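Let's walk through this protein together, with an eye on how its parts meet. Have the viewer open as you read.

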Amino acid sequence: MSTEDSESIPIPQPPPHLFIGNFPDIDPNDAPGSFQKLAEIYGEAYQLDLPGRKGKVVVISSYDTINDCCDADRFQKPINATLEEVRALTGDGLFTAYPGEKAWGVAHRLLMPVFGPMGIRKMFDGMMDISTQMLLRWDRFGPDHEITCSDDFTRLTFDMIGLCAFGYRFNNFYSDNAHPFIEQMVEVLVESGRRSNRTAIENKLRVFAANKRDENVKKMHELCDHIIADRIAHPQPDANDLLNPMLEGVDKETGEKMSTESVRYNMVTFLVAGHETTSGTLGFLFFHLLKNPEKYLRAQQEVDEVIGDGPLELKHVSQLVYIKFAIYEALRFLGPIAITTKQSLKPTKIAGKYQVQPQDYVLMNLRGLHHDPKIWGSDADFFRPERFLNGGWENLPQNSWKAFGDGMRGCIGRTFAEQEMIMVVALILQKFQVELADPGYQLHVSVTITQKPKDLKIKVRRRPGRTMGSLSGIGGNAAPTQTHTVRPSTSSDPKESSREGKPITVLYGSNAGTCKSYAEDLETNAPRFGFRATVRSLDSATEHVPKDQPVVIIEPSYEGKPADNAKKFTAWLEANANSNLLEGVQYAVFGVGNSDWTHTYHRIPKLTDELFDKMGAKRFTENGDVNVKEDIMGPWEKWSEQMWTDLRKHSGTTVEVLGGQLQADITPPKFATYLGGADIGYGVVKVNKDLCSSEVGLAKKHMEIELPVGTSYRSGDYMVILPLNSISTVKRVLHRFELAPDDNIAITGTNKAFIATDVPTSIFDLLMTRVELGTPISQKQLQILAEATPEDKCAKLHELATDDVYKRDVIPKRYNLLDIIEDYPDCQISFVAYLDMLKPLSPRQYSISSSPLANIEFIPTPQGTGQRLTASLTYDVHDEAAWSGSNRQFHGVASTYLAGREVGEKVRCFTRATNINFHLPLDPTVPIIMICAGSGLAPMRGFIQERATIKAARNAAIGPAILYFGCRHFEKDFIYAEDLKKWDADGVVSVRGCFSKVAPDGEKMQRVPDRMWDEREELSELFGEHNAKVFICGSASKLAQSTADVCKKIYRYKFPEKSEDEAKKWLEKVKEDRYVSDVFE
């Protein structure tokens, strides 16, 4: 409770704008996101000046403040600006009635018993009816169909409310387009949200928008009136729905019935509020389950244990405890309701600190509440349903979980929503394996009066042995069979198309595209060897590993973790490690990794092989692997060649091995210019400036990119750049093959999507945008070049292809295909053959060197004012003499591309979330230790900038922060020196420069680990006693390794009885949460 006689603390406020106050600080398309972003800057309480609002708007975001505002003796729920606008549709319905409004009391008292546990249990059959419709629809469409969650879950929840509440069937699963009521409702909600964030004058000027809203409201009311009239004309006294008590019930307190208008308003209220919140929650839940496959599998295991493959019964609902708490956790993490509004009944202080008046609006930011580390711990940003188990739910402090609202004005339909969600989730997991249509999907939120995942799409595949016959309403056990389309080979060779290939399945995991390109290579070549390949992601094979055909698995290991589209598959293998589920499977594994990650090198492919073997599968060839730090093609070519040989022998394939050749027609250009693609996904360069020259190392630059409206990121995240090749390198290719840049090329006879062309395209465009021109040449490629060289001039190429010479003279000098064919002009390789040996141009990933909290711009949009973020990059420019000699210059693909961009130019880019641990602690008072060198300063600069912003906005102390920054020269490559000095002087960070070549007067030359060792007592205290978090960014083989070594050394210094192995185990354990790295080579 509040301490009223305590002294008030000033409530911070973002700087207001002239005449319009803080309106530009709120994005009308994502007001909850704006409130949360401001909370991250200004803390648990801040105020806004919004013209046209009486009183101030106070936003609170912590447990202490929100818990105090749940005191019903001092605070009530008012109707906020958005709900005021929605009243045009829902009037005095339960959700939008004013405090004390008579109709609310009558409706609430009549409907509470119907929404009780016994009343909701009676609706089980209706819920099964609608759920079955959705599942059968999914099953008919098959495993390749992409399901848009917002669409299908909206149809589901809308139909469920229609049938269970009003006995009306909207039949949304029997048509391609949703019922018009849904579209009308969405338009009304969106416009209502926009109106609430506009000035009164602007709303008056938007006449057409107002007319459209009124027209939609009229049509929706007409439908409700039709349903009411039909029930009155044709009574259904035995119906277990809401409509009977709404029409016939008599309120014991007033002796009155609900008016027809009140019935209509509450019908619309239930359809709007009930379907919106539930459909959004289901979308959020499946996003989290699919991003955390171990949670997905645990939920599915519970379904298998409780229900099996039999029919879901009412008694099962209460037994599905993990699913229930997974739903609760999804609601905690980010639920459909983002803000709850309160108003004080008299002048009071929130949490005994912040003075508010009755005319003020208090917005309770539920994301802040549900992520408050005081309640939820340091792992509040992790999806972990287990936090509610074993008494976790029962032991939560009062008012710490508010997903369904608060007090008397809380959600009356909570029991209805929980039962339908548990049922739907259980049925989906019982019948299907679910996967993300885009494994790399990152959560984006669509906001109306609620919020839900935007553009989230999934695929479902019927689980082995599962029928649809156990669903209610289906006669017998017959069930339609899922079908899917297998992509045929695109080979145009008549010999290949005339013979039947034996089927094989190629499963891959891939984030960066390397493993996918290997899989496509197998798909392209399969017909040559007498096979027909189907390529799928590893996740799609969960419970679906074929036993009737050989399986080839290609997967990487990302710091010891599986690729995004292999996480669920790996978790499934681990969960079933002691089973014999894979008996009868014939398989092969090819691993892709980087040897710099010594302890996790090829961990995932090795684990997959180990588990396949343990679970009864048999290899048909030896496993292979490649080290991407070295020759990325040679080991693959050697292994795949042997794999085809062994596979033919194993399967008894005797058809002739055909020669494979890419086919292409080069024609003169038809047009003088080539038009580019759409601007979607482009950022605009705002700044591109030098940080230091190449005098003491690589030159470094700073770039600021204005992101498309709606793009978000966190400090510590990545920017992914899709570059173009260097023009000088492309010119070398054109010169070598005597081609003109505007010659056109049409490519067929390949499954390599990155070079296939639907229509002729210019050679210059293809070389600039699609292929890697600098990949080190492989031994097999050298052999191909030797075979394409006259016999009397090919000896040297054959020699380069031998093992010893290749490892001694080719790999260390990073020769690529172009280098070799330039050095050996007698080689008569064709351009088409050269093109067929190239890999796809890969996106490059850079750590963002800014914080979004410090880089927000407010811009006008058609809906009012919107927010746009700027992100900065700190990058090395690779422009140096090539190791391959011959006076060649090495131009780094992405860095050369970025360095050449001018202000105002567009770059194709998108943001990508980093490892969830590589983010600042939720509590800014937690100490941090940052260790970096060179451009590895990038994410640390973002962290420091964020803490500086928070410190300035809140005018409050933050936790200690130390930056160890490795440079060569204190004047020549100590980048961002002025920024760092200012932040140091402001008490944001203590900068510890480590200069290996030239140090300032009075300081010794040293490297980062040396200074850390010198300051080991301070570091030990921060880490051991104050729970500091350590961040590392730099070279994997240098800085990361030397930092790990000195940390183990400090650990043994503090605990001399510990052995080296114990120190190593300690380091591996703290790497799980408090020692996180983002390393590169």
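How many residue pairs are in polar contact between domain 3 and domain 5? The count is 13 residue pairs, both residues being at pLDDT 80 or more. A polar contact here is a pair of N or O atoms within 3.5 Å; within protein, one must be able to donate a hydrogen and the other to accept it, and residues adjacent in sequence count only if both atoms are side-chain atoms. On the domain 3 side that touches domain 5, β20 (682–692), β21 (699–706) and β27 (864–877) each supply at least two residues. The top contributor there is β27, with 4 residues.

A word on the source: this is a predicted model, in which local features need pLDDT of at least 70, side-chain atom pairs count only at pLDDT 80 or more, and totals for chains, interfaces and linings use all residues. Residues are numbered from 1 along each chain as its sequence is written, and side-chain values use heavy atoms, with hydrogens and water left out.

The pLDDT, the predictor's confidence in each residue from 0 to 100, has a mean of 88 for the protein, and 94% of residues reach 70 or more.

| Stretch | Contacts in the model |
|---|---|
| residues 473–481 | 14 contacts beyond four places in sequence |
| residues 668–680 | 10 contacts beyond near neighbours in sequence |

Where pLDDT is low, the predicted coordinates should not be read in detail.

The domain assignment, automatic or from a database, gives domain 1 (90–462), domain 2 (502–650), domain 3 (677–723 + 843–914), domain 4 (725–837) and domain 5 (928–1079). The centres of domain 3 and domain 5, taken over C-alpha atoms, are 25 Å apart. In this pairing, 23 residues of domain 3 contact 19 residues of domain 5. About 1700 Å² is buried between them, with carbon and sulfur atoms giving 57%; buried area is the accessible area (1.4 Å probe) that two parts lose on being put together, summed over both.

Now for the charged pairs. A salt bridge is a side-chain nitrogen of Lys or Arg within 4 Å of a carboxyl oxygen of Asp or Glu. The whole structure has 65 salt bridges, and 1 is found across the interface of domain 3 and domain 5. D64 and K374 form a salt bridge, their closest N and O atoms being 3.3 Å apart. D64 lies in helix α2 (residues 63–69) and K374 in helix α17 (residues 373–376), so this pair ties together parts 310 residues apart in sequence. Helices (H or I, at least four residues) and strands (E, at least two) are DSSP runs, numbered from the N terminus.

Conventions
Contact = heavy atoms within 4.5 Å.
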